[in-house]
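User: Can you walk me through some strand pairing and helix packing here? I have the structure open next to me.

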Amino acid sequence: MDLEKKKVLKAAITALGGYIPDTILSNQKLEQMVDTSDEWIQSRTGIKERRILSDNSKATSFLAIKAAQDLISKKKLDPKTIDLVIVATITPDIHVAATAAYVTSRIGAVNAFAYDLNAACSGFLYGMSTAAAYISSGRYKKVLLIGADKMSSIVDYTDRTTCIIFGDGGGAVLFEPSSSGYGWEDEYYRSNGTDRMSLRIKAGGSLFPTSQETLENGWHNIYQDGKTVFKYAVAEMSNVTEEIMKRNGLDEQSLDYLIPHQANKRIIDATSKRLALSKEKVLVNIEHYGNTTAATLPLLLNDYENKFTKGDKLVFTAFGAGFTWGAAHLTWAY
Ligand code: UT7
């Protein structure tokens with residue numbers, strides 16, 4: 001193939017949508033459930049409240065469908081034109097079949113194929129790479145990427161070290177070929193599975209299938225060794241963000257916004273400090289939603305959409321179970 005002549009398409013985000021459930025779980029409510037305090041939670045995590053999908057008949061697909069429908073109505077998009085739907089999640093409705101297939105049918109994307117992607121808190125970040133690659137290869141023209149998690153379905157509300165952190169939510173973005181020249185620029189992703197037990201749901205998979213023992217020991221809930229994860233997250237999010245900025249000629253002046261995974265305000269602050277970024281450049285909404293896992297990045301985009309202008313230089317970064325982490329650079333296309 002004549003590479004000189006091969007036109008490289010750039011993938012751009014062209015629409016956003018989001019959804020958070022109505023029920024608020026405040027720090028004050030948590031004080032009545034476990035031995036904790038509003039002061040401890042706010043000073044250690046920056047979280048004031050999180051949203052919970054309290055209707056037990058509804059699952060992650062509900063959050064994903066709502067987020068997708070928000071995008072579809074804002075963009076006036078015909079769902080029949082969507083080629084592919086990816087749902088990044090660690091809380092699929094059921095283990096088999098893919099939540100994405102159900103979401104796709106429910107939003108009327110009858111010509112799309114669909115699958116789930118599991119990279120925990122990095123799920124949406126990794127999904128952006130996949131979506132962008134499908135577009136820039138020329139294979140598909142409309143890829144809907146959704147990050148959604150009903151974390152309340154896997155949280156043990158007697159465990160104060162995890163129940164204070166997580167919340168439920170969903171966000172959606174549309175990737176299309178760029179018509180402005182702006183869009184996906186670069187990515188720097190990593191993973192390391194040697195410490196996978198530091199942040200995990202131990203049972204229900206092929207290593208520890210559901211049994212009396214797994215149920216009695218609470219191995220179906222999310223567990224994390226907070227300190228270990230915290231240290232890794234601070235070091236690695238800073239490393240990859242520094243690297244992506246360096247190799248794209250970005251510094252604290254020329255970068256417009258850092259869009260970091262919302263796991264803990266102290267992790268975000270440590271990363272921003274190492275990169276000498278001013279407060280206005282670092283997007284944060286953790287105080288209202290907590291850590292919504294795969295939904296944090298698209299919910300940030302959705303909340304701050306009005307701030308962005310064409311050509312803005314954005315850097316995304318996330319760290320999550322696996323461990324999985326990375327940073328990506330994108331120029332805003334609208
Ligand atoms: O999104 C995926 C990635 N996840 C993360 O990035 C999360 C990373 N980790 C964290 O955000 C933090 O480690 C936590 C928020 C989970 C915990 O904060 P920490 O500052 O690392 O606290 P710690 O685990 O070192 O615990 C300090 C103390 C302990 O008491 P002692 O042993 O010093 O007496 C804990 O038992 O705080 C205690 N503690 C609490 N106290 C009140 C732990 N949780 C709570 C709580 N309320 N909810």
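Analyst: This is a predicted model. Strand β12 (residues 313-320) pairs with β13 in the antiparallel sense, over eight bridges.

User: Which residue stands opposite Ala-327 of β13?

Analyst: Thr-317 does.

User: How many bridges join β8 to β13?

Analyst: Seven, and strand β8 (residues 184-191) runs antiparallel to β13. Asp-186 stands opposite His-329 in β13.

User: Is β13 buried or exposed?

Analyst: Buried: eight of the eight residues of β13 (residues 324-331) are, so the strand is largely enclosed by the rest of the structure.

User: Which residues point which way?

Analyst: Thr-324, Gly-326, Ala-328 and Leu-330 point one way from β13, while Trp-325, Ala-327, His-329 and Thr-331 point the other way. In a regular strand, side chains alternate between the two faces of the sheet.

User: Switching to helices. At what angle do α3 and α4 cross?

Analyst: Roughly 45 degrees, with the axes of α3 (residues 60-75) and α4 (residues 99-106) coming within 10 Å. That angle makes α3 oblique to α4. The crossing is right-handed.

User: Which residues make the contact?

Analyst: From α3, Ser-61, Ala-64, Ile-65 and Gln-69; from α4, Thr-99, Tyr-102, Val-103 and Arg-106.

User: What's the breakdown by class?

Analyst: The contact of α3 with α4 has four nonpolar, three polar and one charged residues.

Notes
Residues are numbered from 1 along each chain as its sequence is written. This is a predicted model: local features need pLDDT of at least 70, side-chain atom pairs count only at pLDDT 80 or more; totals for chains, interfaces and linings use all residues. Side-chain values use heavy atoms; hydrogens and water are left out. Axes are lines fitted to C-alpha atoms, for helices over the stretch in contact, and angles run from 0 to 180 degrees between N-to-C directions. Helices (H or I, at least four residues) and strands (E, at least two) are DSSP runs, numbered from the N terminus. Angles under 35 degrees count as roughly parallel, over 145 as roughly antiparallel, 65 to 115 as roughly perpendicular and the rest as oblique. A crossing is left-handed if the near helix is turned anticlockwise from the far one by less than a right angle, and right-handed if clockwise. Contact means heavy atoms within 4.5 Å. Ala, Val, Leu, Ile, Met, Phe, Trp, Tyr, Cys and Pro count as nonpolar, Asp, Glu, Lys and Arg as charged, and the others, Gly among them, as polar. Buried means under 20% relative accessible area, exposed over 50%, partly exposed in between (1.4 Å probe, protein chains only). Two strands pair if DSSP finds at least two bridges between them.
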